[in-house]
Amino acid sequence: MIKRVAWVVTGAGHFLRECIDVIAEYKSDINLFVSRAGLEVIKVYGLYDHLLRESIDIVNDQSASSASCGAFAAGRYSVLVIAPATSNTVAKCALGIADSLPTNLFAQAGKSKVPIVVLPSDVSCEIESVTPSGKRIMVYPRPIDMRNVSMLKEFPGVTVVDDVEKLRSSLEIYIL
């Protein structure tokens, strides 16, 4: 069985365009999971048609129990990527809360000892981000957001990266 990459896009706009570019580059190896908030943000940033044109394999699992989680125990995935990850998703993962598609996939990948790579949207105390209209803005994550990222770094089997190039390097380890 060929193992694939499970990639989850949450509702974060920061790093979104860059992540979509990486997904398009490795599309033959990736199953893309999109949370409801992720789908909203992808559309707001005007990237949904790009995903369709690129023929990205989108797994549309909107079930309450996230039935797709069983694929980790079955050994179908070599890695779970959550990128970009909102502060909400990072906080829930750090606290062990699994009540959404991204957090359920995180929990099940961890329980199945599948490596996890996370690119949080909150990577430093000051971030220059780009709005859907292309305007550059400054974002200042709260101390609690930075603590949650630090907590996530302590999880066994979890790699937290702080930019897209480190994400790409981590991903290349798992793509055969």
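At the start of helix H8, a side-chain oxygen of Asp-163 comes to within 3.1 Å of the backbone nitrogen of Glu-165. The model is a predicted one, so to speak of local features takes a pLDDT of at least 70, side-chain atom pairs count only at pLDDT 80 or more, and totals for chains, interfaces and linings use all residues. Residues are numbered from 1 along each chain as its sequence is written, and side-chain values use heavy atoms, with hydrogens and water left out.

H8 itself covers residues 164-174, and its buried residues (under 20% relative accessible area, 1.4 Å probe, protein chains only) are Val-164, Leu-167, Arg-168, Ser-170 and Leu-171. They sit on the same side of H8 because they cover an arc of only 165° around the axis, taken from the directions from the helix axis to the C-beta atoms. Over on the other side, Glu-165 and Ile-173 are exposed, that is, over 50%. The cover over the buried residues includes strands S1 (4-9), S4 (77-85), S5 (116-120) and S8 (158-160), along with helix H1 (16-25); contact here means heavy atoms within 4.5 Å.

Turning to open space, the second largest pocket holds about 210 Å³. It has 18 lining residues (an atom within 4 Å of a point of the 1 Å grid), and Phe-106, Ala-107, Gly-110, Lys-111 and Phe-155 are the closest to its centre. Helices H5 (87-95) and H6 (101-111) each give two or more residues to this lining, and H6 gives the most, with 5. By class, the lining comes out as 11 nonpolar, 4 polar and 3 charged residues.

Note on methods
Helices (H or I, at least four residues) and strands (E, at least two) are DSSP runs, numbered from the N terminus. A polar contact is a pair of N or O atoms within 3.5 Å; within protein, one must be able to donate a hydrogen and the other to accept it, and residues adjacent in sequence count only if both atoms are side-chain atoms. On a 1 Å grid over the protein atoms alone, a cavity is a set of points where a 1.4 Å probe fits but cannot get out, and a pocket is an open set with protein on both sides within 12 Å along at least five of seven lines; lining residues have an atom within 4 Å of a point. Grid points are joined across faces, edges and corners, and a volume is the space filled by probe spheres set on the points. Ala, Val, Leu, Ile, Met, Phe, Trp, Tyr, Cys and Pro count as nonpolar, Asp, Glu, Lys and Arg as charged, and the others, Gly among them, as polar.
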